[in-house]
Amino acid sequence: MQKEALRDAAKLPSIRSLVRAVDFEGRSLHSINDLTNDQIYALFELARSLEPFHRSSVDLLRGSVMVTLFFQPSTRTRMSFETAMHRLGGAVVTEANPLVSSSAAKEESLADTMRTISKYANVIVLRHPDDVAAREGASYAEAPVINGGWGDWEHPTQALLDLYTLWRTHGSVEGAKVVVATPDMVHARTGHSMAYGLARLGAEVTLASRRDYRAPEEVIEGLRRVEGAKVREVFDLDQDGFNDLISEVDLVYLPGCSAPKGEAAEEFKKMMDEYYVRLETLEKVRESEGRIIRVTHTLPRRPGEMDLRIDDTPHQQYFEAITYSVAIRMALVAAIVGA
Ligand code: CP
C-alpha cells in the first residue's frame, strides 16, 4: 500500500506539468470552441495520465469546491463531474433540483444565484434549458463556469469525452470517418459540439438528418469557418441509404435529441426508425472487411431507439465513453481550478 502511495506521489510532478500545459486555469468552458486544438490535445494527454486514478484518487485539488447546479435532469454529466472532483481530492456541493430546493424556487434570478454560489465554488457546472439565460447568468459568476448542457445550443464536455474516447479507441481523431446521425439536428446540442470538435481535429464528418431539421445556420457557418474542414450534410435518407452510409464510416455518433411529447411523439418515432442502427449492418462489414464500425450514443436512449444487441459486441462504444468521461472531466476540472 505504502509502495503504491509513493509511486503515485512520484507521478504528481509530471501530472502537474501536464495540468499547466493545458493553459486553461481560471477559464470558463461555454463552447467546445473556447478550447484551441492544442488545448484539446493537452487535455487528452492529461486525461490519459489521470486514467489510473479514475477509480481511486489523486490529491490534486484538496481544499477546492465544485458546485453542480442542474436545472434539467441528468445522470451522466452531473455524476461524472462530481466523481471527477472527488477523485481529484476536492469537494462537491450539489444542487440537482434548484427550482424546488434552492432559492430559485423563490424567484431568485440566475444572476444572483450565480453571484452567490461563485463565492463558495472554485468551479461551477451549470445545466440549463435556455442557453441565452445560461450565458447571461454565467457572466455574473466570479468563478469559472462549465457548460453542462445549455438549451439546444452546445454540450461541450460531452463532445470532449466522445472525442477523447475516439482518440483512445481509434488511435486518432484526424482522418476518422464519422457520421453524426439524428433526424433532428436542431435540438441535438451534443451533435453541435461534436461536429465542431470533429471538424477542427480533422475528422471526415457527415451530418445526417432531416432537411427540415438540419443543423442550425450558426453551426453550419461555424463549421464553414474551420480551415480545411471535411464536412458534408446528407438529408432524408431511407433505411437502405442510412445502412449504406454507416457501412463506410469508423464511428456512428448518435447525439440523441429532445423527443417531443404527445401527438408529435408518434411522428418523431417514425423519423427515428430511419436512423436505426442494426447490428446486421455492422456485422456485414465486420465479416466482409474485418473492420469494426463503432457506435456511440450520448445517452440516455429511449426504448426502441437502438438495437440493444449492439451492447454486448465490440461495436459498442457508449459505455466505454462513460468510463473515459471521468478521466477527461478530471483533466478539465484540474486544468480550470489549477492543481
Ligand atoms: N449525455 C448526457 O448528457 O447524459 P445526462 O443527461 O444523463 O447527463
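Where is L299 placed? L299 lies in the loop between β9 and α13 (helices, H or I, of at least four residues, and strands, E, of at least two, are DSSP runs numbered from the N terminus). The model is predicted: local features need pLDDT of at least 70, side-chain atom pairs need pLDDT 80 or more, and totals for chains, interfaces and linings use all residues. Residues are numbered from 1 along each chain as its sequence is written, and side-chain values use heavy atoms, leaving out hydrogens and water.

**View A. The ligand and its shell.** S74, T75, R76, T77, R127, H155, Q158, T298 and L299 surround the ligand (a residue is near if one of its heavy atoms lies within 4 Å). By class, this shell has one nonpolar, six polar and two charged residues (Ala, Val, Leu, Ile, Met, Phe, Trp, Tyr, Cys and Pro are nonpolar; Asp, Glu, Lys and Arg charged; the others, Gly among them, polar). Domain 1 and domain 2 each supply at least three residues of the shell.

View B. A polar side-chain atom of S74 is 2.6 Å from a ligand oxygen atom. For H155, a polar side-chain atom is 3.0 Å from an oxygen atom of the ligand. T298 uses its backbone: a polar atom there is 2.8 Å from a ligand nitrogen atom. Alone, the ligand exposes 250 Å², and the protein buries 91% of that (Shrake-Rupley areas, 1.4 Å probe). Polar contacts are pairs of N or O atoms within 3.5 Å; within protein, one must be able to donate a hydrogen and the other to accept it, and residues adjacent in sequence count only if both atoms are side-chain atoms.

View C. L299 has a positive phi, near 65°, in a residue other than glycine. L299 counts as buried because its relative accessibility is 12% (buried is under 20%, exposed over 50%, partly exposed in between; 1.4 Å probe, protein chains only). The peptide bond from L299 to P300 is cis. Its omega is near 5°. P300 is in the loop between β9 (294–297) and α13 (318–337). L299 is also one of the residues around the ligand.

**View D. S80 and its partners.** S80 sits in helix α3, residues 76–87. With a relative accessible area of 7%, S80 is buried. Its side chain makes a polar contact of 2.5 Å with the side chain of R329. Beyond neighbours within four places in sequence, S80 is in contact with S325, V326 and R329 (contact means heavy atoms within 4.5 Å).

**View E. The two domains.** The assignment gives domain 1 (15–154 + 324–337) and domain 2 (156–323) (bounds come from an automatic or database assignment). Their centres, taken over C-alpha atoms, are 25 Å apart. Across the boundary, 37 residues of domain 1 are in contact with 31 residues of domain 2.

View F. D236 is in the loop between β7 (230–235) and α10 (239–247). Its phi is near 55°, positive in a residue other than glycine. At 49% relative accessibility, D236 is partly exposed. E136 belongs to helix α6, residues 131–138. E136 is partly exposed as well, at 46%.
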